[in-house]
Amino acid sequence: MVRELSRRLKEEAHSEDVTCPYCGSEQIVKCGYRYNKSGPVQRYLCKNCGRKFVSRYGLEGLRFSPDVVITAIDLYCRGLSLRQVAEHLRRVHGIKVSHSTVYNWIKRFARIVHEHTKHVRADVSDRWCADETIVRINGRDFILWSLLDTETRFLLAMRISASKRAEEARKLLREGLNRAARRPTEFVTDGNKAYEKAIDEEFGKKDIDLIHIQALLSGPITNNVSESFFGVVKPRLNAMKRFYSQRTAEMFTYLYEFFYNFLRKHSSIGQTPAEAAGIIDEEPTWLMLLKRMKKTK
């Protein structure tokens, strides 16, 4: 399956429309290959300005081709550790990279996707749910918050904090409101009092159109959507064992939020949350999304 992924990524890289990084022209033709440690990389010729180039889809300056970098990032998002990703590249593709190099790729890509998706507006439903769990950062317990739309499963916000106070819960709500095309009329949470205070402060106690539901473990209304989300995230966190800094944990939230919303097909809705929320209208690929982000840069 992994080899098939790598092959498909290479085919996408060669079949995508390419624009010249020097003059912006789309009058491009293929012009042989450039060979480096990661193998052959497609080279292009711009018929407008006559310059040759290699398309990096926003990943310029790296020694390795985009399909290698994206394969590494995809494997990391799907549960492999940094060392396992580096070992896979060496054993399967004959590419020798250190786990620290893989980590640097992840940090760079996380910054790229966060910059281009933090202002995306999602067409979500009027019922949202929130929950939190504990993550270890350099030997200390921190809180990982999540805010999801129950219908599209779109992850509206995901953040790290050192406390469970209402102030942190309010920041979560504010991030969600900035991402959503509409305000919710129902909030489903657990019994954490921080949510009640945060909702009152953010929406006002007089907002009679907003219903706050404190769901039980079983009953007519539960917080199963949030619980299912953390059921997906926790195995990924367990593979990492711990974060070494809060900044590292934040980078993880940027990358995983992008992966979850745009590239992971949700079994209950049969598509990615980004498709369900009307952000994209076709099944996405890593390179397709990279190209769109580069065009809007």
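Helix 8 covers residues 246-262, 17 residues in total, and its first and last C-alpha atoms are 24 Å apart, close to the 24 Å expected at 1.5 Å a residue. The expected span is 1.5 Å times one less than the number of residues in the helix. Helices (H or I, at least four residues) and strands (E, at least two) are DSSP runs, numbered from the N terminus. The model is predicted: local features need pLDDT of at least 70 and side-chain atom pairs count only at pLDDT 80 or more, while totals for chains, interfaces and linings use all residues. Residues are numbered from 1 along each chain as its sequence is written, and side-chain values use heavy atoms, with hydrogens and water left out.

Buried means under 20% relative accessible area, exposed over 50%, and partly exposed in between (1.4 Å probe, protein chains only). Two packed helices are described by the angle between their axes and the distance between the axes. The axes of helix 2 (residues 66-77) and helix 8 come within 11 Å and cross at roughly 90°. Helix 2 is therefore roughly perpendicular to helix 8. Axes are lines fitted to C-alpha atoms, for helices over the stretch in contact, and angles run from 0 to 180 degrees between N-to-C directions; those under 35 degrees count as roughly parallel, over 145 as roughly antiparallel, 65 to 115 as roughly perpendicular and the rest as oblique. Helix 2 contributes Ile 73, Asp 74, Tyr 76 and Cys 77 to the contact, and helix 8 contributes Phe 252, Leu 255, Tyr 256 and Phe 259. Contact means heavy atoms within 4.5 Å.

In helix 5 (residues 166-179), the end C-alpha atoms are 20 Å apart, which agrees with the 20 Å that its 14 residues should span at 1.5 Å a residue. Its buried residues include Leu 172, Leu 173, Gly 176 and Leu 177.

Phe 142 belongs to strand 5 (residues 140-149) and is buried, at 5% relative accessibility. Phe 142 and Ser 161 are 19 residues apart in sequence, with their C-alpha atoms 5.9 Å apart in space. Beyond its neighbours within four places in sequence, Phe 142 is in contact with residues including Ile 134, Ile 160, Ser 161 and Gln 246.

Most residues other than glycine have a negative phi. Asn 138 lies in the loop between strand 4 (127-137) and strand 5, and Arg 153 in the loop between strand 5 and strand 6 (155-161). Arg 153 is buried, with a relative accessible area of 18%.

Thr 150 also lies in the loop between strand 5 and strand 6 and is buried at 18% relative accessibility. A polar atom of its side chain lies 3.0 Å from the backbone oxygen of Arg 127. The side chain of Arg 127 is joined to that of Glu 186 by a polar contact of 2.6 Å. A polar contact is a pair of N or O atoms within 3.5 Å; within protein, one must be able to donate a hydrogen and the other to accept it, and residues adjacent in sequence count only if both atoms are side-chain atoms. Glu 186 is found in strand 7 (residues 186-189).
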